Amino acid sequence: MLKISHVSRRFGNKLAVDDVTLEIPQGQMVGIIGRSGAGKSTLLRMINRLSDVSSGYIDYEGSRVSELKGQALRGWQRDCAMIFQQFNLVPRLDVITNVMLGRLNGRNPLLNLLQVFSADEQFAALKALERLDIAQTATQWAQTLSGGQQQRVAIARALMQGPRMILADEPIASLDPRNAQIVMDSLRDINAEGKITVITNLHTLDTARAYCERIIGMAAGKVVFDGTPDELTTDVARTIYGADGLKEAFSEALTSTSITPLTLKTSSAQPAP
Ligand SMILES: Nc1ncnc2c1ncn2[C@@H]1O[C@H](COP(=O)(O)OP(=O)(O)OP(=O)(O)O)[C@@H](O)[C@H]1O
């Protein structure tokens with residue numbers, strides 16, 4: 001269980017996240033939606049401790065994540081993998097090495113520097129790439145891959161950490177609909193098969209509805225909705241996006257990133273209406 005208790009984050013005068021309290025059971029697939037600037041990324045970054053809370057607490061399985069330091073903090077960041085809109089791969093390294101870098105936190109820094117990886121690590125990286133159906137790209141430079149392939153490499157790298165949770169910050173915002181679907185299908189399958197909690201920020205309503213069993217809506221730093229896709233009515237969407245943002249949220253859903261799941265493995269995930 002991840003517990004977020006009265007968490008706020010301030011940047012100067014700006015309250016980016018405002019008194020958020022949430023409980024996320026292990027293994028849930030959660031989508032966070034909201035307009036640009038609503039505080040979605042800041043919330044994810046605080047969970048992963050890329051950013052510190054200004055006030056409040058974050059706990060995971062009884063451990064106070066928001067106060068971890070040193071090795072314990074690195075341990076948490078290994079348990080709680082993060083993927084980003086821009087993939088964050090090393091462009092001039094081959095794919096398999098990029099994936100093995102997912103083990104960084106658990107390894108001797110000197111070996112990292114020399115990029116020496118054991119046979120076991122190479123095997124695990126290949127298995128992770130196979131799981132994402134891109135093992136054939138293992139020896140290519142990361143920068144030669146399409147955006148969708150790069151995001152799958154980033155997910156494979158996250159899997160190399162052996163995480164209990166994956167945080168995805170707008171993972172499909174830079175992808176075309178087909179690749180967006182492949183990436184969301186991968187996240188959904190990893191969630192369903194491995195009981196790995198997935199919390200993903202998403203720009204579009206339809207993707208959140210199609211893939212997430214629970215949707216959290218944020219506006220101006222606050223949680224303004226927390227429920228199932230069925231409960232996310234047009235009125236609720238208006239609260240999340242505002243009357244002027246609503247058109248954008250729905251029209252986006254009908255155009256560039258409109259996707260539906262390829263295969264449904266979880267009973268709670270429903271295709272977009
Ligand atoms: N490092 C920072 N310094 C100053 N202000 C910041 C910083 N990070 C975020 N903010 C501000 O906090 C608010 C919330 O930003 P955040 O990136 O969390 O929103 P978001 O919902 O993820 O938006 P987007 O969808 O555009 O990424 C915004 O007003 C943003 O400008």
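We'll talk through the overall makeup, then the sheet, a helix and a loop residue.

Trainee: What kind of model is this?
Mentor: It's a predicted model.

Trainee: OK. How many helices and strands does the chain have?
Mentor: Nine helices and ten strands. Buried residues account for 45% of the chain's 273 residues.

Trainee: And what share of the contacts join residues at least 24 apart, among those at least 6 apart in sequence?
Mentor: That share is 71%.

Trainee: Let's do the sheet. What's the strand order in the six-stranded one?
Mentor: The order is S6-S7-S8-S3-S9-S10, in an open sheet with mixed pairing. Strands S6 (80–84) and S10 (222–227) are the edges, each pairing on one side only. From one strand to the next, the twist averages 20°.

Trainee: Do S3 and S9 run parallel or antiparallel?
Mentor: Parallel: S3 (residues 29–33) and S9 (residues 214–219) pair over four bridges. For a specific pair, take Ile33, whose bridge partner in S9 is Gly217.

Trainee: Which strands does helix H7 lie across?
Mentor: H7 (residues 177–194) lies across S3, S7 (165–169) and S8 (197–202). Its direction is at about 155° to S8.

Trainee: Switching to H5. What span should we expect for that helix?
Mentor: H5 covers residues 119–131, and its 13 residues at 1.5 Å a residue should span 18 Å. The end C-alpha atoms are 18 Å apart, so that agrees.

Trainee: Nice. Which H5 residues are buried?
Mentor: Ala124, Ala125, Ala128 and Leu129. Looking down the H5 axis, they fall within an arc of 140°, so they line one face of the helix.

Trainee: Why might residues a few places apart point the same way?
Mentor: An α-helix has 3.6 residues a turn, so residues three or four places apart do that.

Trainee: What covers the buried residues of H5?
Mentor: The cover includes H3 (95–100) and H6 (147–160). On the face turned away from the buried side, H5 carries the exposed residues Ala119, Asp120 and Phe123.

Trainee: What about the backbone just after H5?
Mentor: Asp133 takes a positive phi there, of about 65°.

Trainee: Last one: Gln28. Where is Gln28 found?
Mentor: In the loop between S2 (14–24) and S3.

Trainee: Is Gln28 buried or exposed?
Mentor: Gln28 counts as buried, because it has 20 C-beta neighbours inside 10 Å. Setting aside neighbours within four places in sequence, Gln28 is in contact with Thr197, Glu213 and Arg214.

Notes: Residues numbered from 1 in each chain as written. Predicted model: local features only at pLDDT ≥ 70, side-chain atom pairs only at ≥ 80, totals over all residues. Helix = DSSP H or I, 4+ residues; strand = E, 2+ residues; numbered from the N terminus. Buried ≥ 20, exposed ≤ 12 C-beta atoms within 10 Å, placed from the backbone. Contact = placed C-beta atoms within 7 Å. Pairing = 2+ DSSP bridges. Axes fitted to C-alpha atoms, helices over the stretch in contact; angles between N-to-C directions. Expected span 1.5 Å × (residues − 1). Arc of directions from axis to C-beta.
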